[in-house]
Amino acid sequence: MTSHISRDLMRDLRCPGNGVDCSSCQLALSYCQLLQTTEMADVLAQSFLFGLQRDVTNNILFYDDESIVFPCGKTCVCYNFVHKRQKFISASEKSQGMRAMAISANRRFLAISERGGKAAITVFDLQNDEGRKRKMLSAENIVDEDFVCMAFSPNSKYLLAQTGGREWMLVLWLWENQKVVSTMKTTNASNPVNQVSFNPYNNIQVCVSGSGVFQVLCYSEGSFKQTSFPKVVCINFVSHAWITEDQVITATSTGRMLVFQHGDLHWVLDMTALEIPDRQVEMKKTRGRDINEGPTLTGITFVVAYSKGFACSTKPGRVCLYEKTAKNTYRKSREIQIPRHCDDSHVTSVECQEITSMCMSPSEETLAVSTDRGQLYGINMFTVDISKERRLQFEFLSQPFHSECITDLSVCTWKPIVATCSLDHSVRIWNYETKMLEVVKEFHEQPYTVALHPTGLFILVGFSDKLWLMGLHVDDICMLKDFAIQSCKECSFSHGGHLFAAASGNVIHIYSLSSFENIHSLKGHNGKISDMKWSMDDSRLVSCGVDGALYEWNTHTGKRESDTALKSCTSTSAAFSSDGRSVLTVGSDHTLKELRACQIVSQVAADDIAFTAMAVSHSGHVVFAGTDTGNIAAIQFPSPCEKKWMLYRAHCGPVTKMVITFDGQFLLTVSEDCCLALWKILHHHDCGIKNNKHIEETLISKSHLEDKSQKMLELKVRLEEIEMENEYQLRVKEMNYNEKMRESCDKFTQQAQVLETAQQEMRRALEKQEVEHRQSCDELIRKHSKEVQALESSYSQKLIVEHEKYQDLQKKCEKMQEDYKEQLKSAAESKSREVEKLSQLHEVKLEEKTQLLAKCQRDEQQQSLKFQHIIQQLEEDEVRKIHDMQIKYEKKLLTEKESNKHLQEDATIMKQKLSSLQRQVDDRHADISVLKQERNMLLALIQSLQEDIKDLKWHNCGHKRTSEDKDKTISDLKKKHQELEKFKFLLDFQLSELKKQTEPQQESINEKKERIHQLEDEIVKMDKDNTQLKLTISDLKLKLRNKDKDMHKEMQRVGCLDTKLHRLKADLQDCVSFIQEPRKLKKSVQMIYARYVQHTDEVDKNHSVDVWRTLSCQQDNKEKTLPSFKSRRSKSAADDQDKNYIKIMKENVTLIGEINEQRNELRQLRSELKDYKAQMDLFKRSNSSSTTQNHGNQHLN
């Protein structure tokens, strides 16, 4: 990253002269050269995470109907299980992992409680793409280290949290203001609390449950108050849920369900009816407040309420759904089980999983669960309602994760796959491009180590008694060869794949993969070997052990080339540098050391951090190291004098292994927290790494292919049977529908007749009403004409009176104008006097300023000398400014690159914002129209006030008031007029500001419209491509029809031959009766010969051409392949074993490619058959519908 930036700066800062650099540019170039060793940008970015933290309360939550939130390592993952995408919310720097989670009712805010330090809660905004941190909540008087459980209020304004440890305090926050509203001690360490919740119908009512604890609290007057005190000291409450506004259902560890109403024990649900189908759960009413716990069933682990009832999880791995009936009882409707995903018949730990958490999606479409084995399951509630089976099975929401510590991982060269082994006795193959799990294999024994062959077709797995070489098939891992290597903890293939090394105790065995012979046994370590790596040319092998020794071996001779003993520490990992000249190692001494020729060349101390694993980038500029706290350190290499690294928060446990893929794009890390992390290495293209194209070939056994073909035949037979059944059912339905159509037609004809009679009666009533309406209208017109004449006569008299008044007012106005003219003349004279006075004052001021100008000129001469010294200093400071500018531009470049990445993600969000902006523009237009209406109202008000002025003048003349009173009223009215004009000016200014605000938004809208037009053009291109694809599909369908015709012809031929065979057998049986009479037998044989031999000859003649063609083709192929096989055999006798092995491998690859091509052709044929059958069904349905319509039309006619 830094080298890339420095190159750009060097190119931009070059002077445009004669190829000569100025002094400032030379300093900038020297700074760019130093930049590569002093700065370090971001190297890693999280790409995908596989795993689940099991010890987190509420470790699965729904963000929306298609996304869930769950913790993985020190990261919270927002996973869209429909589109298979992940977003990440990282923990704080001092975090040691998560303890509890909670999501708000509006699905916008996520609260996370973290371990480490003082108890605190972080609230994140999920609507932001990066999960922006909103608030950090903590309480001053709390000593405990973490919060055990949390819950948001229904309005998402309050947050309730329960601490653990010593105090067990219940804290209520108004979290947006970071204000602690109330605190209360709920229990002690002997009776822990495991769940708190708000009443979904009440923001101030809370429920707290745990071991011997059940409290319903109500917040009032600044504190919590308990409404009731039930006696539940001996009951262990595992979970609870609000069923109604005043009822809470609770689950106990002994399998009993208790219902509390208003905080008192109200009902006891007899869950012994769990195993009896279609039986309602009996609810026994209890008068007292105490109940004795007794052993009833296996324990209930979790309870969730939904609109139809509630769901409870029981052991082992089972969820029962209960629906409410009309009699306020609950009936068991469905039972959902965790499925088996193991082929073994014995009971595994998967079948004995315990469900630890459950949640419903916002629309109640999906039920999601998490288990104590770290797995995520889900089921669609719509399929639950539709299916007729009472026992259903969950499906994986994500991939099946490891449930125990992951001990080893390995990658290959030819395929984008990763192999991992774990203490859960399983080996799993992951694809880091598709982010999918491809193969799972479980063993009776624990696998210690795993290694993938560079081709990705074979794998080594180490057990306690043997090391097995296995083949990676499509859906299985098959054992091929075992090696007598006990307790193999480390193994690795060479980069060429012809050798592999396996460590047993303190000895390393090197085997040949072609001959399976032990070539070398490398002895020298005094303790167990912890890691070993091959060099790029496979000529050397480096190993490190618990004894602190680091040995470098020659794989050709089996001798030790160099050895280094570090007795003060135990080495955990070692690797060659990118150039292969030196060896890097980490260990328990908290340092990264570089060794060359048995000497420590450089080392980087990590203070209190212990490195557990290590991987070197292909460029050699960065070394990735895993720590015992689960973090990943990106260390600059070669190491400078100062520490230059970056820490990335990843896992909750020590990192066990880490590997970089062959193309250098991804870093893979595993840890003791059962999580596999996939990291994107940024700017890997700067390192000059080759692009590797992965192959798709896999191994397939012959038995597997035979099983597939048998299944295909069975499915074809089953398809034919189903088609026959469907045709019969369709015919029966057609008969039923025809009868129903006849009945409905008869009914409709009767109804039509009734409606016609009613319509005639309505027409008659309408004609009567029209006649009455005309008569009433004529009477109204006459009355209206009379009233109009009376009004005209009255208003003409009033107009004459008003005209006289208007003339009087005009005379008065002329008098007022003359008075105002006299006043204006007096005001002009006073203004002229004031102007003369001001001119005299300004002349005096001008003289003073001329004197000041003279002084300023003198000061300028003095300051010019000072500025010359300052210019020299500024020239010296220019170099420093250039350095500052470079740093600024580099930061801007980094921010712009990050923004460019996020712009692509924000493009989809901008489309959504476009619609919201259009709505805002519409709202602004509406506001503008409202303001215009207000302006019109104010103008009307001004006019009314002017009319009031005229009325007041008229009244003043009538009452004969003095001129002083008239002047006062006129001045008051003028002030009002001025205020109104000011208000009008303010409104105009507000209108102009609103127009300015809308103009930039309109520009952005226009830009987005152009983007929409571009997308529409792309859609048109896609439509053209679709039309071309449809043409190809039609061609393929024609070919398929021709093939079907050929098949029918061959079937007819086979049928003719079968009939002839049956006749021949019957004639032969007749001949058997003449065995004792040879003459008759001879005649009968001759008759048979005369009948059948000629026909068979004709059939043979018809088929002879095809048979001879096939035989000739086979002979030609054999003749062509024979010399090639002979030449290969002659060459193989002369060549070495390595060349034979390479040829065999190539032939295997070609054969595998041919098999895969045949499989692809089979898939295409299957898809074409399905399309053809679907078209036939549609054609039949259309014909049936057309026939039914024709019948219906005939009946109507």
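The model is predicted: local features need pLDDT of at least 70, side-chain atom pairs count only at pLDDT 80 or more, and totals for chains, interfaces and linings use all residues. Numbering starts from 1 along each chain as its sequence is written, and side-chain values use heavy atoms, leaving out hydrogens and water.

**Salt bridges**

Side chains of opposite charge can pair when their charged atoms come close. Here that gives 21 salt bridges, each being a side-chain nitrogen of Lys or Arg within 4 Å of a carboxyl oxygen of Asp or Glu. Here are some of them:

| Pair | N to O distance |
|---|---|
| Asp 125 and Arg 108 | 3.4 Å |
| Lys 533 and Asp 531 | 3.4 Å |
| Glu 552 and Arg 540 | 2.5 Å |

Asp 125 sits in strand S8 (residues 121-125) and Arg 108 in the loop between strand S6 (98-103) and strand S7 (109-114), so their pairing ties together parts 17 residues apart in sequence. Strands (E, at least two residues) and helices (H or I, at least four) are DSSP runs, numbered from the N terminus.

How covered are these residues? Asp 125 is buried at 4% relative accessibility, while Arg 108 is partly exposed at 29%. Buried means under 20% relative accessible area, exposed over 50%, and partly exposed in between (1.4 Å probe, protein chains only). Asp 531 is buried at 4%, and Lys 533 is partly exposed at 26%. Glu 552 and Arg 540 are both buried.

Strands of a sheet pair through backbone hydrogen bonds, either parallel or antiparallel. In this open sheet, the order is S28-S29-S30-S32 and the pairing is antiparallel. Strand S28 (355-360) and strand S32 (395-396) are the edges, each pairing on one side only. Five bridges join strand S29 (residues 366-371) to strand S30 (residues 376-380); DSSP must find at least two for strands to pair. Leu 367 has Ile 379 in S30 as its bridge partner.

**A serine in a loop**

Ser 617 belongs to the loop between strand S53 (611-616) and strand S54 (622-627). Ser 617 is buried, at 9% relative accessibility. Its side chain comes to 2.9 Å from the backbone oxygen of Val 622.

**A nonpolar patch**

Phe 867, Ile 870, Ile 871 and Leu 874 make a nonpolar surface patch of about 350 Å². Patch residues have over 30% relative accessible area and no salt bridge, with like charges joined within 9 Å and nonpolar side chains (Val, Leu, Ile, Met, Phe, Trp, Tyr) within 5 Å. Phe 867 lies in helix H4 (residues 702-959) and is partly exposed, at 46%.

Conventions:
Areas by Shrake-Rupley, 256 points an atom, 1.4 Å probe, with all protein chains shown as cover. Polar contact = N/O pair within 3.5 Å; in protein donor to acceptor, adjacent residues only side chain to side chain.
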